[in-house]
Amino acid sequence: PRQPAKTLWYDRPRYVYLEFCVENSKDVKVIIEDQRLVFSCRNADDLEFYNEINLYARVNSKDSREKRSDRSITCFMRKWKEKVAWPRITRENIKPAWLSVDFDNWRDWEGDEEVERAMVEQYAEV
């Protein structure tokens, strides 16, 4: 039996970020398509996690990445239309129980492009 991973998301001018909160993940698979993201993995107890998200808007799948850490897997997806705010991450206007806004990283966009560029470069170095 598989279950969805607890997921946090936040929006930036150029990218939208998703963090799948699974500690000690293994067999991580992330498929980023233009309008959909599919995530799956197992944890140390061999529980299987699976999330499929029909995205609110189109992303550039070729300029999107993921980064795994001990505590989570973070995906950052390049928006097709930059500087257009996403009111939600899902195409459907519903909020799954496993999905939450990451208020620690949510902020006003003004003057935020330098911060965002630095974050993306930091991810790209790994």
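**View 1. Strands β4 and β5 side by side.** Strands β4 and β5 run antiparallel, joined by 5 bridges. Strands here are DSSP E runs of at least two residues, numbered from the N terminus, as helices are (H or I, at least four residues). Two strands count as paired if DSSP finds at least two bridges between them. Val30 has Phe39 in β5 as its bridge partner. The model is predicted: local features need pLDDT of at least 70, side-chain atom pairs count only at pLDDT 80 or more, and totals for chains, interfaces and linings use all residues. Residues are numbered from 1 along each chain as its sequence is written, and side-chain values use heavy atoms, leaving out hydrogens and water.

**View 2. The hairpin of β5 and β6.** Strand β5 spans residues 36–42 and pairs with β6 in the antiparallel sense, over 7 bridges. Cys41 sits opposite Phe49 in β6. The hairpin has 5 residues between its strands. Asp46 takes a positive phi there, near 70 degrees.

**View 3. The two faces of β6.** Side chains in a regular strand alternate between the two faces of the sheet. Strand β6 covers residues 48–54. Phe49, Asn51 and Ile53 lie on its covered face. Glu48, Tyr50, Glu52 and Asn54 lie on the uncovered one.

View 4. Strand β1 (residues 2–3) pairs with β6 in the parallel sense, over 2 bridges. Arg2 stands opposite Glu48 in β6.

Note on methods. Buried means under 20% relative accessible area, exposed over 50%, partly exposed in between (1.4 Å probe, protein chains only).
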